[in-house]
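Please take a look at the predicted model below.

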Amino acid sequence: MNFASKPIAKRPLALLLLSIFAVNHALADQLSIDSRDFIPFFGDQIYGESGAGNLVCVGGNGGKLFIAQVPLPPTPAQLDIRQLAIWGGDVSSTDASAQLERFCQNEFAPSTPIRTIISNVSSSGSGGNYFDAAALSFRVNDQQTCVYMVVVQLGLDGCSDSTLSVARVRVRYDVVQPPVADPIFKNGFEN
Amino acid sequence: MSFNQQKTMRYSMLALCLALSFDAIAADARVRLSNDEIRALGEDPQGGEFYRLSLDQNSVNADQSAPNGGAGVLYTSIAGIEFRPISDHGRFFLPVHAALSCRVNGTNSRAEAQLQFTQGATLQFLRIYGTDLSGDNLNVALVERCQPAVTAGNVTNTVLASVITSGAPGRFTQSIAVPAATTVDNNLCIYSLRVQLADTANGCAFDAGLALDKARVQWIE
């Protein structure tokens with residue numbers, strides 16, 4: 001008997017595989033934003049690099065905010081953001097933080113971007129190298145209309161000089177393939 | 001010569017003819033930029049070859065009626081903040097929403113951001129989002145820069161599509177279609193968006209009236 005013509009119901013292995021793919025199929029992935037990819041909010045804001053190669057602000061004009069776009073892969077699949085993490089140095093009485101944000105606009109009509117804060121991580125204490133991570137579950141299915149950003153803040157009140165730094169920010173996510181609506185029906189016609 | 005060999009040869013000849021004819025179409029579709037147009041891009045007419053594709057003005061906002069968001073349609077969006085000044089005379093700031101705007105005393109109004117596509121992708125539309133409350137206008141060009149694969153050579157610059165605001169409509173979004181069959185060649189070329197936040201060749205109009213929120217390229221693999 002030709003395998004392709006065999007009724008799907010009589011192929012238990014095929015049924016098992018199809019049932020597995022019928023539920024959401026996720027592939028874990030991640031990306032990191034290097035400290036050098038962050039740029040200051042203001043064009044003439046002074047910034048520099050720590051001895052460890054991390055991003056630091058430089059006192060004088062008080063700039064403490066930096067921003068970078070999260071280069072999520074363009075994909076027709078959906079993404080589930082699972083974690084936001086930050087590394088850096090902290091020997092300050094204040095903290096460094098990174099905030100994951102989303103800006104969305106109407107696709108075809110003029111509109112003011114709507115900002116959504118998704119998650120926040122920060123240093124604590126003043127023990128030197130730090131790491132912080134926040135688990136989250138945030139579905140990204142709107143890259144058609146939204147961009148994702150990370151805003152880094154080095155200190156609460158003005159620039160903290162080299163006592164606070166950011167090495168990198170990492171975003172972990174799952175690439176979620178949408179389920180096949182009716183795998184048996186689809187398979188029956190395409191195989 | 002066997003039948004299969006003859007068949008293979010016929011298909012090879014056909015493919016060669018098609019490739020040559022597509023090359024000819026691509027060459028004809030390009031229009032050489034004038035020196036003034038090159039300078040308006042912030043470039044030196046002696047610095048390379050400069051072209052643009054023939055744009056169909058009827059394709060303005062045509063993405064609204066095109067297949068949208070379905071399987072295989074991809075979007076690459078670049079926030080304003082990802083644009084870098086083309087010289088250190090640029091003074092930009094980010095008013096809100098990760099947008100790009102001019103800062104006082106800025107002497108250069110142009111900034112650029114690189115785009116990444118998969119090899120062979122077909123570029124479809126360029127759409128921009130921003131604010132224009134100024135007497136000056138904001139324009140964004142999708143530019144392809146190509147050089148020989150393994151030899152030294154001038155850069156051939158081609159403006160694949162460009163969008164310019166007009167008047168002072170306030171918040172706006174506008175798109176233009178990239179001419180059909182414009183495909184990505186990552187072996188020879190790089191792709192970028194170039195924004196100019198003012199009409200003038202020098203100076204950055206600082207009145208918080210011109211801002212680029214983001215630019216989006218729609219493409220298919």
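Two strands pair if DSSP finds at least two bridges between them. Strands are themselves DSSP runs (E, at least two residues), and helices are runs of H or I with at least four residues; both are numbered from the N terminus. This is a predicted model, in which local features need pLDDT of at least 70, side-chain atom pairs count only at pLDDT 80 or more, and totals for chains, interfaces and linings use all residues. Residues are numbered from 1 along each chain as its sequence is written, while chains are lettered from A and ligands numbered from 1 in the order in which they are written.

Start with the sheet in chain B. Seven strands form an open sheet there, in the order S1-S2-S10-S9-S12-S7-S4, with mixed pairing. Strand S1 (30-32) and strand S4 (84-85) of chain B stand at the edges. Each has a single partner strand, so one side of each is left without a neighbour in the sheet. S1(B) pairs with strand S2 (residues 48-53) of chain B in the antiparallel sense, over three bridges. In this pair, Val31(B) stands opposite Arg52(B) in S2(B).

Now take chain B as a whole. Its secondary structure comes to two helices and 13 strands. Of its 221 residues, 40% count as buried. A residue is buried if 20 or more other C-beta atoms lie within 10 Å of its own, exposed if 12 or fewer, and partly exposed in between, with C-beta atoms placed from the backbone.

Two loop residues of chain B have a positive phi without being glycine. Asn61(B) has phi near 60 degrees and is found in the loop between S2 and strand S3 (73-79) of chain B. Asn61(B) is partly exposed, because 16 other C-beta atoms lie within 10 Å. For Ala181(B), phi is near 65 degrees. Ala181(B) is found in the loop between strand S11 (170-177) and strand S12 (189-197) of chain B. Ala181(B) is exposed, because 11 other C-beta atoms lie within 10 Å.

Chain A comes next. Its secondary structure comes to two helices and 11 strands. From the N terminus on, the elements run α-β-β-β-β-β-β-β-β-β-β-β-α. Buried residues make up 30% of the 191 residues in chain A.

Where do the chains meet? In all, 23 residues of chain A are in contact with 27 residues of chain B; contact means that C-beta atoms, placed from the backbone, lie within 7 Å. Strand S5 (65-69) and strand S10 (146-154) of chain A each supply at least two residues of the side of chain A that touches chain B. By class, that side has 13 nonpolar, eight polar and two charged residues. Here Ala, Val, Leu, Ile, Met, Phe, Trp, Tyr, Cys and Pro count as nonpolar, Asp, Glu, Lys and Arg as charged, and the others, Gly among them, as polar.

The largest nonpolar core has 78 residues. Such a core is a set of buried Ala, Val, Leu, Ile, Met, Phe, Trp, Tyr and Cys residues joined through C-beta atoms within 7 Å. Met149(A), Val150(A), Leu126(B), Leu142(B), Val195(B) and Leu212(B) touch the most other members. Val150(A) touches residues including Ile33(A), Ala68(A) and Val169(A), not counting residues up to four places away in sequence.

Last, confidence. The model scores ipTM 0.78 and pTM 0.80. The mean pLDDT of chain B is 80, where pLDDT is the predictor's confidence in each residue, from 0 to 100. Over residues 11-27 of chain B, pLDDT stays under 50. Where pLDDT is low, the predicted coordinates should not be read in detail.

Technical notes
Two residues are in contact if their C-beta atoms, placed from the backbone, lie within 7 Å.
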